Amino acid sequence: METARVDAIIESYGADKSSLLAILQDIQGEEHWLPREAMTRVCERVGVSLSHVYRLATFFQAFSLEPRGKHICTVCMGTACHVRGAPMLVDKLERDLEVPAGGTTEDLEYTLETVNCVGACALGPLLIVDEEYHGNMNSTKLDKVLKQLGHEPHGADAEPEE
């Protein structure tokens with residue numbers, strides 16, 4: 001991330017220590033993760049230690065210290081979603097995106113993650129892509145979602161239209 005962009009984010013909050021979380025959220029929003037260089041710049045400009053920033057960045061699950069994809073694909077693995085086919089969705093996403101759950105594609109386009117439950121059990125199995133919920137997910141619907149994101153699913157895995 002460019003230093004000038006980090007500085008602009010910091011300045012938008014008046015370089016105020018009390019806005020540290022908001023500053024980190026804005027950086028995460030633009031970069032999809034918190035690069036060390038950006039966190040170091042925040043420390044210099046806001047006047048806090050790097051250990052303080054790391055404590056915040058590792059405490060809140062919304063922050064990532066590793067590069068994440070432009071698109072975040074999250075599969076709910078709660079009981080209701082699990083029994084309705086969530087493991088099959090994870091398997092298909094791992095094959096189609098060529099990345100294991102918890103990983104990010106090499107081109108930084110997709111991050112695949114699983115969560116225990118999002119509390120939308122009536123929609124299961126549930127796929128969340130970039131904070132948009134896709135309920136009652138199946139292979140055909142998953143192919144359509146991936147296609148909308150610009151990813152062509154593997155032909156061998158595609159199912160006929162319902």
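Modeller: A residue is called buried when its relative accessible area is under 20%, exposed when it is over 50%, and partly exposed in between, with a 1.4 Å probe and protein chains only. This is a predicted model, in which local features need pLDDT of at least 70 and side-chain atom pairs count only at pLDDT 80 or more, while totals for chains, interfaces and linings use all residues. Residues are numbered from 1 along each chain as its sequence is written, and side-chain values use heavy atoms, with hydrogens and water left out.

Colleague: What share of the residues in the protein is buried?

Modeller: The protein has 162 residues, and its C-alpha trace spans about 55 × 30 × 25 Å along the principal axes. Of those residues, the buried share is 42%.

Colleague: How many salt bridges does the count come to?

Modeller: Side chains of opposite charge can pair when their charged atoms come close. The rule used here asks for a side-chain nitrogen of Lys or Arg within 4 Å of a carboxyl oxygen of Asp or Glu. By that rule, the number of salt bridges is 8.

Colleague: How many residues apart in sequence are the parts that arginine 5 and glutamate 30 tie together?

Modeller: Arginine 5 forms a salt bridge with glutamate 30, and their closest N and O atoms are 2.5 Å apart. Because arginine 5 lies in helix H1 (residues 3-12) and glutamate 30 in helix H2, the pair ties together parts whose separation in sequence is 25 residues.

Colleague: Is arginine 5 buried, partly exposed or exposed?

Modeller: The relative accessibility of arginine 5 is 36%, and glutamate 30, its salt-bridge partner, also has a value of 36% and counts as partly exposed. With its own value, arginine 5 is therefore classed as partly exposed.

Colleague: What separates aspartate 96 and lysine 92 along helix H6?

Modeller: Aspartate 96 and lysine 92 form a salt bridge, with 2.8 Å between the closest N and O atoms, and both residues are buried. Because they are 4 residues apart in helix H6 (residues 86-97), what separates them is about one helical turn.

Colleague: Which helix does aspartate 143 lie in?

Modeller: Aspartate 143 forms a salt bridge with lysine 92, the closest N and O atoms being 2.9 Å apart. The pair ties together parts that are 51 residues apart in sequence, because lysine 92 lies in helix H6, whereas aspartate 143 lies in helix H7 (residues 139-148).

Colleague: What is the relative accessible area of lysine 92?

Modeller: Lysine 92 pairs with aspartate 96 and also with aspartate 143, and the latter is buried, with a relative accessible area of 9%. Lysine 92 is buried too, and its relative accessible area is 1%.

Colleague: Is leucine 21 buried, partly exposed or exposed?

Modeller: Leucine 21 is found in helix H2, the helix in which glutamate 30 lies. Because its relative accessibility is 33%, leucine 21 counts as partly exposed.

How values were computed
Helix = DSSP H or I, 4+ residues; strand = E, 2+ residues; numbered from the N terminus.
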